[in-house]
Amino acid sequence: MKKPAITYELLHVCKQSGARRGIIHTPHGDIQTPVFMPVGTQATVKSMTPEELKEIVKAEIILSNTYHLYLRPGSKLVKEAGGLHEFMKWDRPILTDSGGFQVFSLGKLRKISEEGVEFKSHLDGSKHFFSPESVMEIEQDLGADIIMAFDECVGYPATYEYTKQSMERTTRWAKRCKDSHKNTENQSLFGIIQGGFYKDLREQSAKELIELDLPGYAIGGISVGEPKSEFIDILHHTAPFLPENKPRYLMGVGTPDYLIEAAIAGIDMCDCVLPTRIARNGTAMTWNGKVVVRNATYEKDFTPLDSECDCYTCRNYTKAYIRHLIKTNEILGIRLLSIHNLRFLTKLMERVRIEIENDNLLTFKEEFYKKYGYDS
């Protein structure tokens, strides 16, 4: 049997929490885990150059979006350009999602069948069709190191009957994705565990997908608007079903508390648009909680966003200056906040990895929550 393009190496398990410290080996380099992955929806992390992501943010992997890149500029054009790595000049690992979440978030603009999903573009209303086979073709054209199986993401709340039907369809689609994925030497296909907030369905989904023996697995369909207690409950119920010798990915999570909870549950990878999205609203994440820098209280504040941060923004600029940039809609303000927020989360995960190695993650969580302003 051929060795998969992606392999996972377990380095240490935290005695205090059970969190995992590991390395994911990919064709474009190694990823230290647990890791936060910045999202580059349109083949770019908003306002950031690849050099900034590598040198300032210290990002080891980024995520791009299949749905958006299929619509613009088109996966065939990206393939012609040499794939995403060459197109966007990023020489480290890339993960592409399947577009499932975006398609299903279109609501009335889409129609689901066993064959796939017919949908209307949010851009111009034109009709399109995604099937497991066509999504695999698109993701192979894009050429990411890790590609996701096409799944159906169920909203919250949803009935047991609908969730079960959807979960079983996701499993059948995963089998079709595996059958149609050809570029196994350079790409690894991950399956997505679904099942909503029903524990028996989560277990069924995990066990059936694990039988496909894919190189990695993701937990999808949580952090979709449910209370935090339900998120943690389902996360801790589902993660133990996943193979210990393969990467575990929790989709769509990017707040500091959820990243720490994910690590405690044994998750290796998380992603979210949050750090750049809130930057555009004038908000920074700091070691002492959120700072809404557009607020009047910072008008004459000539201190850095975060005195404990080593990022380019905090070493060079003040809250007062960044507030001025945001208030005047200057692009630099968004860039400086994006740099800070992205670096804050990569630094947080660097710290999480150290605390795992020191068997101290639960103690760190308690200290961090208190400082940040979370209820522990």
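The legends below describe close-up views of a predicted model. Local features are given where pLDDT is at least 70 and side-chain atom pairs where it is 80 or more, while totals for chains, interfaces and linings use all residues. Residues are numbered from 1 along each chain as its sequence is written, and side-chain values use heavy atoms, with hydrogens and water left out.

**View 1. The aromatic pair of Y160 and Y198.** The structure holds 17 aromatic pairs, a pair being two rings of Phe, Tyr or Trp (its six-membered ring) with centres within 6.5 Å, called stacked if the planes are under 30 degrees apart, edge-to-face if over 60 and tilted otherwise. The rings of Y160 and Y198 have centres 5.1 Å apart and planes at 85°, so this pair is edge-to-face. Because Y160 lies in helix 7 (residues 160-180) and Y198 in the loop between strand 11 (188-193) and helix 8 (199-210), the pair ties together parts that are 38 residues apart in sequence; helices (H or I, at least four residues) and strands (E, at least two) are DSSP runs numbered from the N terminus. Y160 is partly exposed at 29% relative accessibility, and Y198 is partly exposed at 25%, where buried means under 20% relative accessible area, exposed over 50% and partly exposed in between (1.4 Å probe, protein chains only).

**View 2. The aromatic pair of Y312 and Y317.** This pair is edge-to-face, with 5.8 Å from centre to centre and 65° between the planes. Y312 is partly exposed, with a relative accessible area of 29%, and Y317 is partly exposed at 22%.

**View 3. An aromatic cluster and two lysines over ring faces.** W287, F344, F364, F368, Y369, Y372 and Y374 form one aromatic cluster. K228 lies over the face of Y374, at 5.5 Å from the ring centre, and K365 lies over the face of Y369, at 5.2 Å from the ring centre; the criterion is NZ of Lys or CZ of Arg within 6 Å of the ring centre and within 35 degrees of the ring normal.

View 4. At 18% relative accessibility, R176 counts as buried. A polar atom of the R176 side chain lies 2.9 Å from the backbone oxygen of E114. Leaving aside residues up to four places away in sequence, R176 touches E114, E115, S131, P132 and E133, with contact taken as heavy atoms within 4.5 Å.

Definitions and conventions:
A polar contact is a pair of N or O atoms within 3.5 Å; within protein, one must be able to donate a hydrogen and the other to accept it, and residues adjacent in sequence count only if both atoms are side-chain atoms.
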